[in-house]
Amino acid sequence: MGFKKTALITGITGQDGSILADFLLQKNYKIIGIKRRSSSFNTERINHLYNSKILNKSYFPFYGDLTDTTNLIRIIQQTKPHEIYNLAAQSHVRTSFETPEYTANADALGTLRLLEAIRILKLEKKIKFYQASTSEIFGNTKIPQNERTPFAPTSPYAISKLFSYWTVINYRKAYNIFAVNGILFNHEGERRGATFVTRKITRAVANYFYGNKQILYLGNLNARRDWGYANDYVKTMWLMLQQKKPSDYVISTGVSKSVKDFVNEAYNCIGVKIIWKGKGLGEVGIDQKTKKILIKIDKYYFRPTEVHELRGDSSKARKELKWKPKTSFKMLVKSMVEKDIQKLGNSI
Ligand code: NAP
Ligand code: GDD
């Protein structure tokens, strides 16, 4: 089978890794996926790659970990990819406050290890490198944020990602490696991890749809995020590596919504109007029709330091990559709710 190129994806079992793999397979890439050993199945999002006829033809899984240098060097040496997409990370901001050292090891040093592996193997001219950077590196800065906005990271996760951001730029300048940062704002979808707020909400809505009266506990309802659709965003990772010169790009929709907006929109998809009563930790979301309390606040979900609003200005990507998001906030929420209703329906 004549492959166009070989791509190595770290974090292939995650939301973006799995969607990117699907995207690159369509483009006739050979895919090398790095996945962690886990005591329970962690391949739900990529099972179709194993199950399909293409196994052993275009998808090649390897066990690996961003905290294991020798293993990364060995996989790169053995597979000699044209492109590396470094998507693996401890990606949960709140969790990073509880596991700061591990987060730094995987999210900061992990990137350094991969770039060093490229140098050690003398593949600087052969491999293009994509780093999954994040809007979290902006922290609480002026809105909208773009490539010229100063950084003010406010969590161990964001600080680790900022280390990676600068490492990529340093290796690009010092060693001439084609390495880029995709500064992606929040992107969600049907494969989003269940502990991120959007998926947590759409799963709760699906449960309510089937009559489950369990209360949804949330943290800060007033935080605002620029929520895009993951399927629209992975294409930009590939586009960045196809440019003549390496450069860093903000990827965003340019619209920010609050967590409360997301809740309202998600319940609206099943014809439920939420009314809000009370303040602070006592605030509750009520089904207007049945008067049942559906949402409560749990202070556990607040972060020691919070990013209040992220909203991106992706003019550079729109101009140079000729990219723009296709999916509106409304379409995104609807698609996630419908998928969770379908999934839950299949399981009961
Ligand atoms: P995700 O669903 O949490 O996936 C993270 C992936 O990294 C999983 O495959 C996970 O493996 C793997 N991983 C974690 N620690 C690892 C380690 N030490 N060694 C090897 N693999 C490890 O995240 P995502 O939403 O797809 O995001 C992809 C990347 O983009 C992440 O780097 C994230 O920080 C960044 N990002 C995401 C967004 C967003 O809104 N989604 C925005 C900006 C940047 P398991 O499946 O075994 O856990
Ligand atoms: N997770 C979670 N759970 N967040 C909640 C909850 C809750 O119960 N209640 C309110 N929130 C608020 C958080 O405080 C935050 O302000 C917002 O909802 C979004 O939280 P997450 O969905 O966990 O995402 P995130 O913005 O912290 O981080 C995501 O986006 C980043 C890009 O900006 C992750 O995907 C990161 O990996 C990514 O870099």
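1. Helices (H or I, at least four residues) and strands (E, at least two) are DSSP runs, numbered from the N terminus. This is a predicted model, in which local features need pLDDT of at least 70, side-chain atom pairs count only at pLDDT 80 or more, and totals for chains, interfaces and linings use all residues. Residues are numbered from 1 along each chain as written, chains are lettered from A and ligands numbered from 1 in written order, and side-chain values use heavy atoms, leaving out hydrogens and water.

2. Ligand 1 is surrounded by 25 residues, each with a heavy atom within 4 Å of the ligand. T13, R36, S91, Y102 and Y157 are the closest.

3. Oxygen atoms of ligand 1 lie 2.8 Å from a backbone N or O atom of D16, 2.9 Å from a polar backbone atom of L87 and 3.3 Å from one of G11. The protein covers 89% of the 900 Å² of accessible area that ligand 1 has on its own (Shrake-Rupley method, 1.4 Å probe).

4. Now the sheet: seven strands form an open sheet with parallel pairing, in the order β3-β2-β1-β4-β5-β6-β11. Strands pair if DSSP finds at least two bridges between them. β3 (59–63) and β11 (249–251) are the edge strands.

5. Within that sheet, β2 (residues 30–35) pairs with β3 over five bridges in the parallel sense, and I34 stands opposite F62 in β3.

How values were computed:
Polar contact = N/O pair within 3.5 Å; in protein donor to acceptor, adjacent residues only side chain to side chain.
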